[in-house]
Amino acid sequence: MKKSSFQINLPWWKVLQNSRALAHNPIPFHRQWFQTYGNTLGIKFINGARVMLTRDPEVIMHVLRKNHRNYHKSDVTTYGLGEYIGYGLLTLNGQEWKKDRRLLQPGFYKKRIEHLYNTTIPKTVQKKLDEIPLDTTIDIKPYMNELAFEVVTNALFDIQIEAKVLSEIRIIIDEIQLFFVKEVRQPQWNLVRKLSGQKKQALALVARIRELMNGFIEARIASDSPHNDLLDLMLQSRYEDGSPMERHRIIDELIILIVAGHETTANALSFMIHYLAKNPEIVDQLHREIQPLEASDLSPYEQLSQIKYGQAVVQETLRKCPPAWIVDRKALTDDSIGDLHIPKNALIGLSIYELHHNPEFWEEPELFKPERFLSSPPPVYIPFGSGPRMCIGNHFALFEMVEILRQMVLRFRWETPQEQLEETALITLQPTSVKVYMTHA
Ligand code: HEM
């Protein structure tokens with residue numbers, strides 16, 4: 001049988017020629033290249049590195065599901081990101097990843113999520129919404145960032161953390177992520193960053209956040225009372241061989257859950273607020289759905305389950321603006337899908353954004369139309385990824401967004417002076433700013 005070769009259809013110099021603009025937002029370039037060269041792009045760089053970028057659903061499902069064992073997270077994710085946020089669910093591969101996934105999965109079972117949404121989370125949301133200034137134009141993005149950050153720390157640590165400490169953790173995490181993005185997007189300056197001491201400073205921040213996490217663990221071990229949170233789960237659970245999680249791994253997983261769980265949700269919330277400001281009739285419809293539930297006997301969690309149109313608004317936001325707009329993998333061995341050959345070590349980018357904007361699957365994909373989610377979405381809808389490495393926090397995030405939507409619709413009305421949002425696609429897809437003018441409902 002003749003072995004098919006790697007198909008190079010995008011010249012490497014086209015990528016290099018646009019490297020500056022690509023560093024800011026690669027999405028428009030991807031779109032243009034897909035339209036010109038087809039649904040799967042193959043690039044061979046002069047150093048021999050082979051990169052594939054695809055929006056083909058068959059290839060995406062093959063990599064994420066059908067033959068997922070042949071694909072690990074890319075080295076940039078495992079070692080590059082791992083150097084800063086640690087080695088855990090988001091960055092590990094193979095057996096090491098599987099062990100932690102099994103151990104942490106129960107922390108995201110329905111019972112736990114239900115408990116969180118019946119107790120702490122609505123109060124945190126209320127407290128953070130109280131801080132939003134009304135009757136003036138603001139950028140809502142930093143408020144959503146803080147809100148999502150506090151919600152995820154609620155799930156990890158069922159304790160009152162001093163506001164000063166919380167803010168230190170949040171600022172460090174944001175700074176570390178920013179530094180990592182610079183390293184990936186402008187590698188030509190990495191030596192300068194190292195020599196000038198910037199890298200050392202970033203690693204000092206990593207050491208500081210690890211010290212803070214260690215402090216939480218020490219305090220928990222010293223306390224007698226049980227806490228129904230993810231930290232207790234990590235301390236008490238045992239791997240299949242009976243061994244506990246090592247301290248450094250607990251710290252890794254805590255940081256990873258904060259990183260994975262807050263910026264994605266914050267970006268989605270900011271996008272959602274913009275599209276609602278643009279579509280007041282959707283807010284009216286949400287109000288008609290949410291207001292009557294206030295008088296019901298349902299628990300807060302059950303109420304959220306009833307907010308079907310609200311769920312559709314959240315889903316449509318995650319379709320149109322998927323915060324995890326691309327996921328990457330590395331091929332462990334040669335593989336093929338029909339005529340397409342994927343060589344060992346190829347780096348593969350799977351574009352969730354393009355799947356969600358393909359007119360073959362979505363009518364008028366550029367419009368914000370929550371109604372499309374009142375019936376089952378097509379299988380190309382994968383804002384949380386697909387296969388065994390699908391987002392562990394997907395239900396948590398959906399409920400979080402609906403809860404925030406519920407409280408905002410009951411409390412506020414808002415409009416925006418922005419005609420269109422400017423987007424940047426760094427690790428996550430995000431709006432550069434979301435200007436809103438909020439008033440009491
Ligand atoms: C709207 C919000 C969110 C979006 C769009 C999102 C999206 C994703 C996607 C696409 C992946 C798969 C990445 C891949 O296949 O390479 C992922 C993985 C992950 N997410 Fe989320 N996520 C969100 C919220 C959360 C939350 C709230 C948490 C935790 C509290 C979380 C924790 C994780 C973790 C730990 C992984 C790695 C899972 C593994 O590989 O086992 N995410 N997320």
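Start with helix α19, residues 394-411. Its 18 residues reach 26 Å from the first C-alpha to the last, close to the 26 Å expected. That expectation is 1.5 Å times one less than the number of residues. Helices here are DSSP runs of H or I with at least four residues, strands are runs of E with at least two, and both are numbered from the N terminus. This is a predicted model: local features need pLDDT of at least 70, side-chain atom pairs count only at pLDDT 80 or more, and totals for chains, interfaces and linings use all residues. Residues are numbered from 1 along each chain as its sequence is written.

α19 is mostly covered, with 13 of its 18 residues buried. Buried means 20 or more other C-beta atoms within 10 Å of the residue's own, exposed means 12 or fewer, and partly exposed lies in between; C-beta atoms are placed from the backbone.

Next, the sheet. It is open, with 3 strands in the order β4-β12-β9 and antiparallel pairing. β4 (137-139) and β9 (412-415) are the edge strands, each pairing on one side only. Pairing requires at least two DSSP bridges between strands. β9 and β12 (residues 435-440) share 4 bridges. There, Phe 412 stands opposite His 440 in β12.

Now the ligand. Of the 24 residues around the ligand, Gly 261, Ala 324, Gly 385, Cys 391 and Gly 393 come nearest. A residue counts as near if its C-beta atom, placed from the backbone, lies within 6 Å. α14 (247-278) and α19 each supply at least two residues of this shell. α14 gives the most, with 7 residues.
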